[in-house]
Amino acid sequence: MDDNTLQRVRLTLTNYLEENKCRKTPERYAILEAIYDMEGHFTLEELSAKMEQQAFRVSRATLYNAIHLFIKLRLVVRHNFQQGTRYEASFQNDNHCHQVCTICGKVKEVQAAQVAQAVEKMKIKRFHQTGFALYLYGVCTSCQTKINRAKAKNAKTKTKNNPKK
């Protein structure tokens, strides 16, 4: 994460807190910085561990409340993947696609400029679109390789057990 992004994210939070007369707690800012320091998707448990690693313990309730606020401010996005709920920093990353393996649950972000252009051009009545996330489900190459090996092994076993007469 670059310093410019962190400054803009902190400013977004500060402006919201001031406008809504909320307390500007060090916990909120520490959690936000930890999120923007993490790479990719993360769980609340991973975020909590990162906070402890930085010697900044926060309660689970504080994490949930902060995440909820950051989602509202569009600083964080929540994803419901096969392996559970994951979060990711989303400042200026509203439009993106995920490949999700339906076997192992592995998630990979992919750039799909044509998809982004098509979605941005869509006109939806009585709706102001501000971003999108697309999930492409399928089988990753690692799982496909395992499936192919298992099929080949089963075919060999059947041939050995049932030789042609």
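Read along the sequence, the elements of the chain follow the order α-α-α-α-β-β-β-β-α-β-α, giving 6 helices and 5 strands, where helices (H or I, at least four residues) and strands (E, at least two) are DSSP runs numbered from the N terminus. The radius of gyration, taken over C-alpha atoms, is 22 Å, well over the 15 Å that the globule rule (2.2 Å times the number of residues to the power 0.38) gives for 165 residues, so the chain is more spread out than a compact globule. The C-alpha trace spans about 85 × 45 × 25 Å along its principal axes.

The model is a predicted one, in which local features need pLDDT of at least 70 and side-chain atom pairs count only at pLDDT 80 or more, whereas totals for chains, interfaces and linings use all residues. Residues are numbered from 1 along each chain as its sequence is written, and side-chain values use heavy atoms, with hydrogens and water left out.

Of the 165 residues, 32% count as buried, that is, under 20% relative accessible area with a 1.4 Å probe and protein chains only. Among contacts (heavy atoms within 4.5 Å) between residues at least 6 apart in sequence, 50% join residues at least 24 apart.

Thr14 is located in helix H1, which covers residues 3-19, and counts as buried because its relative accessibility is 18%. When residues up to four places away in sequence are not counted, Thr14 touches Lys24 and Tyr29.

Definitions and conventions: Buried < 20%, exposed > 50% of the residue type's maximum accessible area, 1.4 Å probe, protein only.
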